[in-house]
Amino acid sequence: MGRIRVLSDLVANKIAAGEVVERPASVVKEVLENSLDAGATEFRLDIEAGGRRLIRLADNGIGMMRDDALLAFERHATSKLSDIKDLLSIATLGFRGEALPSIASVSRLVLETRAREESSGTVVEIAGGKILRCEDLARAAGTTITVRDLFYNVPARKKFLRTEQTETAHVASLITHYSLAHPGKSFVLRHNNSELLDVTPVATARERVFQVFGSRVLEDLLDLGEQERTFPIPAEDNDARARSVRLRGFVSGPQIQKLNRNSIYLFVNGRLIRDRLLLHAISSAYHNLMPPACYPFALLFLDCDPEEVDVNVHPSKTEVRFRHGPILHDFVRDAIRDVLMAQRPVSRIPSPAQLAAELPYSEFTQRVQNMTLPIAEPAAVPENPSALPEFVLKRPASPPRFDFSEAPAAQQPDQKLPIPDTHGPLFPGGTLPEPESLEALKDLRPLGQIHDSFIIAAGRDGLWIIDQHVAHERILFEQVLAARNRRAVETQGLLLPLVIQLTAAQQLEYARIADELNALGFDTEPFGNRTIAVKSAPVCVGPAEIEKVVFEILEISERELRKTSVEDLRRAMAASIACRAAIKINMKLEPAKMDWLLRALALTSSPMSCPHGRPIALRYATRDILKSFHRI
Ligand code: ADP
Ligand code: MG
């Protein structure tokens with residue numbers, strides 16, 4: 001007697017219905033979740049042409065009996081659910097009995113399987129939903145599902161697939177995430193026969209993070225340990241048992257600032273989800289520690305009673321509804337906050353009590369109701385492929401601090417001043433120069449520096465204050481771009497090649513931009529598995545900065561992927577080089593150097609803002625100076 005049953009209409013109708021197969025990554029998600037549900041410990045995934053041509057997953061799970069192997073392709077046929085009550089506490093990843101029939105209807109599928117308790121196996125072949133073959137097969141226990149020619153019979157759907165590169169990135173992201181959730185299991189991913197991920201079983205999540213991201217990322221992460229909160233059920237709830245939730249995982253310190261939420265990975269009871277409530281909890285934990293609109297890296301595993309979470313909300317099962325959302329929200333926020341606090345000097349951090357007062361949950365829910373969500377998409381992976389695991393970039397600790405005291409400021413090479421968000425006068429009387437005053441730039445005379453950071457200069461139209469870092473950044477940006485376009489970037493060979501380890505996603509990214517990197521003066525080549533060697537770099541980039549620039553460029557390239565304009569990407573890369581190579585603030589400059597800087601600035605095409613859009617100079621017009629002294 002098989003394990004699979006066809007659900008009654010009553011149950012089937014209660015299941016969130018909808019299309020699950022959207023792209024190769026959604027097929028991978030469904031088959032991978034099936035293998036996990038089948039208790040497999042080894043997963044081997046091969047894809048070709050971004051998964052359009054081939055997706056094959058082999059597992060060593062419990063396998064399927066002969067009858068089940070056919071029944072599995074009926075709609076609403078599942079071994080994981082039988083009764084309507086089961087829907088209230090789903091402990092498996094699948095439960096809808098829809099994935100296999102959906103996938104089989106839009107591809108050529110072969111299922112090869114053998115149940116552990118049976119001596120012979122079965123092969124079932126289906127194309128476009130039609131069963132072509134069902135025979136005995138000798139094989140080891142476990143299941144292999146091969147999906148070829150996805151959407152071969154639905155050309156309209158095929159059109160929506162993105163490039164091979166992007167589809168592969170989505171698949172890589174998915175497998176990487178699941179491998180992080182199951183450190184004790186082994187995962188292999190190969191694309192067009194080249195290996196993108198191969199992780200062997202390890203004892204701890206920490207070791208798995210190391211396998212996937214490398215030691216650099218691990219150093220930046222704080223371990224949340226195992227935290228648990230038991231909470232009494234609110235009085236109005238009939239089910240009066242006390243509940244407990246457990247949280248473990250890793251978060252980055254506030255110095256890691258991501259530009260989107262794509263480095264936040266959430267697992268609830270082993271299921272990868274996107275959830276705005278938890279995303280908000282994470283952001284609140286970093287409140288006041290990180291500028292708004294920046295996000296940390298977070299890998300969180302939340303475990304609770306299956307009754308506490310409703311996964312039957314969306315067909316792709318990536319959205320959930322929590323029964324006691326506010327409690328979970330505050331628990332996650334406080335747990336992360338505590339770990340962050342333990343890392344930082346106390347004086348600069350508001351207490352959790354203050355924080356709670358700042359962001360009461362009720363206010364959040366109100367705000368959130370009017371919000372459009374970046375996560376309301378059915379795919380398991382966020383639309384943007386930069387959701388991939390990636391190396392994190394170190395940015396200056398935040399909020400940026402600048403010492404305006406009279407004492408010489410400490411050397412803080414990476415510190416940046418706050419970026420003003422208005423373009424109005426910054427100091428009384430000082431304004432951003434008008435376009436017609438640019439002429440005056442040519443004969444500015446540097447008088448000195450304030451705080452070793454700003455050049456004071458006299459001009460024929462008044463007094464100028466120039467931010468030395470952003471001014472230099474603008475100069476270098478234009479020089480780098482011009483040299484690149486002439487294919488004449490000056491490079492320096494490295495005594496020893498710098499070997500950099502990449503994540504699977506970065507490796508894909510690297511393959512895409514290697515030529516452009518080369519044109520910008522980084523001579524790199526693949527160096528074994530997920531590793532590249534940098535053999536030379538542009539002369540303007542100091543040896544200590546090379547690795548940072550390469551990672552920053554890989555990150556930009558992921559972000560800019562969707563813009564697709566090569567020109568944009570090139571400019572962003574040049575901006576990154578310029579920023580790293582430019583003189584810093586809190587740095588004393590010789591008069592000759594200041595003079596050079598001002599003259600070089602005057603020669604740039606856009607001397608008033610840096611490539612990132614920050615202002616470079618402030619001007620006190622002679623007229624205003626005269627007025628202030630009542631001379632006119
Ligand atoms: P669901 O996962 O929602 O039950 P699916 O259509 O994904 O529905 O799968 C149907 C059934 O096929 C599952 O309930 C399970 O019994 C069986 N099955 C699918 N994949 C595997 C696998 N890799 N190993 C063992 N059984 C599997
Ligand atoms: Mg399933």
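User: How many bridges join β23 to strand β24, and do they run parallel or antiparallel?

Analyst: This is a predicted model. Strand β24 covers residues 531–538, and within this pairing Thr 524 stands opposite Val 534 in β24. The two strands are joined by four bridges, and their direction is antiparallel.

User: Which strands are the edge strands of the open sheet?

Analyst: The open sheet has three strands, with antiparallel pairing, in the order β22-β24-β23. From one strand to the next, the twist averages 15°. A strand that pairs on one side only is at the edge, and this holds for β22 (491–501) and β23 (523–526).

User: Which helix packs on the sheet, and which strands does it touch?

Analyst: The helix spans residues 504–519, and its direction makes about 145° with that of β23. The strands touched are β22, β23 and β24, and the helix is α15.

User: At what angle do α15 and helix α17 pack?

Analyst: Helix α17 consists of residues 566–581, and its axis lies 11 Å apart from that of α15. The crossing of α15 past α17 is right-handed. The packing angle is about 65°.

Key
Residues numbered from 1 in each chain as written. Chains lettered and ligands numbered in written order. Predicted model: local features only at pLDDT ≥ 70, side-chain atom pairs only at ≥ 80, totals over all residues. Heavy atoms only, no water. Pairing = 2+ DSSP bridges. Axes fitted to C-alpha atoms, helices over the stretch in contact; angles between N-to-C directions. Contact = heavy atoms within 4.5 Å. Left-handed = near helix turned anticlockwise from the far one by under 90°.
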